[in-house]
Amino acid sequence: MLIEKYIDKETLIISPEYDIFKILDIFDNSELNCAPLVENGKYLGLVEEKTIFELQTNADTPFDVRNYVKDYYVLPGQSLFDACNVLLENNIDIVPVADEEKNYLGVLTVRRLLQAITVYNENQQNGIIWYSVSNTDLHLSQMAYLVEENGAHIVSLSVLPDEGSTNLTVMVKLDTANVAPVVQSLERHGYSVEYSRFHSQKEESDLQRNYNNLMVYLNV
């Protein structure tokens, strides 16, 4: 459930040279209550409609939108539930995604979060493993053998192409929450495991609470 898999790169952005009237017009014609401020590919902060609307400035008053941004964003390697927390705590419609150098990567929308978390919530008793492999080294029978050797079984399997490369991302859902032995076996046999997840009872409770909070937020 890494954020990088669900980034929306098509959402509107605001530029620092926009005046207050253009920004308000953008929000008037959008269903969003906020938008990322981006300059030369760098993320500068999140612009909220309510903040700009409350300024009540006029054309003769100097205005620089960079003075009114919030530093809300998440890193691509964080969990979707980290993004969910940012969204709920700040009452925003999107969560900007940037890397550690503040290069803007896109946003997570409520719709994408809901889709991903709903699927995950329905299957949270299952362990999940993602690994990357060259399209010439995709040996599913060997991987299945290693899984079953550790007393687990594959519930479902998806193979997705990585954009801009010949690699494939393989997502394996297991019938056990304890994926650690499987991950260790895969890594001993040269597999590059990018992500694995299994939860304690407390973690599952936290995830369920986040999911329920998101449902309440969407119904407001």
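# Close-up views of a predicted model

**View 1. Strand β6 gives the nonpolar surface patch its largest share, 3 residues.** The patch consists of Leu140, Ile154, Leu157 and Val159, which together have about 250 Å² of accessible area. Accessible areas are computed by the Shrake-Rupley method with a 1.4 Å probe, and for residues only the protein chains shown count as cover. Patches are made of residues with over 30% relative accessible area and no salt bridge; like charges are joined within 9 Å, and nonpolar side chains (Val, Leu, Ile, Met, Phe, Trp, Tyr) within 5 Å. The model is predicted, so local features need pLDDT of at least 70 and side-chain atom pairs count only at pLDDT 80 or more, while totals for chains, interfaces and linings use all residues. Residues are numbered from 1 along each chain as its sequence is written, and side-chain values use heavy atoms, with hydrogens and water left out.

**View 2. Isoleucine 154 sits in strand β6, which covers residues 154-161.** Helices (H or I, at least four residues) and strands (E, at least two) are DSSP runs, numbered from the N terminus. Apart from neighbours within four places in sequence, isoleucine 154 has contacts (heavy atoms within 4.5 Å) with Met143, Ala144, Val147, Val172, Lys173 and Leu174. Valine 172 is 18 residues from isoleucine 154 in sequence, and their C-alpha atoms are 6.7 Å apart.

**View 3. The largest nonpolar core has 27 residues.** A nonpolar core is a set of buried Ala, Val, Leu, Ile, Met, Phe, Trp, Tyr and Cys residues joined through side-chain atoms within 4.5 Å. Ile3, Leu46, Val74, Leu80, Ala83, Val95 and Leu108 have the most contacts inside this core. At least two of its residues come from each of β1, β2, α3 (80-90), β3, β4, α4 (110-122) and β5 (128-134). A second, separate core has 17 residues, among them Tyr131, Met143, Leu146 and Val179. In soluble globular proteins, nonpolar side chains tend to be buried together.

**View 4. Leucine 108 is in contact with residues from several parts of the sequence, including Ile3, Leu80 and Val97.** In the protein, 62% of the contacts with a separation of 6 or more are between residues 24 or more positions apart.

**View 5. Helix α3 has these buried residues: Leu80, Phe81, Ala83, Cys84, Val86, Leu87 and Asn90.** Cysteine 84 counts as buried because its relative accessible area is 0%. Cysteine 34 is also buried, at 0%. How many disulfides are there? The count is 0, where a disulfide is a pair of cysteine sulfur atoms within 2.5 Å. After α3 comes asparagine 91, with a positive phi near 55°.

**View 6. Glu39, Asp64 and Arg66 are linked in a network of salt bridges.** A salt bridge is a side-chain nitrogen of Lys or Arg within 4 Å of a carboxyl oxygen of Asp or Glu. Between arginine 66 and glutamate 39, the closest N and O atoms are 3.8 Å apart. This pair joins distant parts of the chain, 27 residues apart: arginine 66 is in the loop between α2 (49-53) and α3, and glutamate 39 is in strand β1. Aspartate 64 forms a salt bridge with arginine 66 at 3.0 Å between the closest N and O atoms.

**View 7. Lysine 70 and glutamate 48 meet in a salt bridge, 3.1 Å from N to O.** Lysine 70 lies in the loop between α2 and α3 and glutamate 48 in strand β2, 22 residues apart. Lysine 70 is partly exposed because its relative accessibility is 32%, whereas glutamate 48, at 4%, is buried.

**View 8. Asparagine 40 has a positive phi, near 50°.** Asparagine 40 is in the loop between β1 (34-39) and β2 (42-48). With a relative accessible area of 79%, asparagine 40 is exposed. Lysine 102, in the loop between β3 (94-98) and β4 (104-109), has a positive phi of about 65°. Most residues other than glycine have a negative phi.

Methods
Buried means under 20% relative accessible area, exposed over 50%, partly exposed in between (1.4 Å probe, protein chains only).
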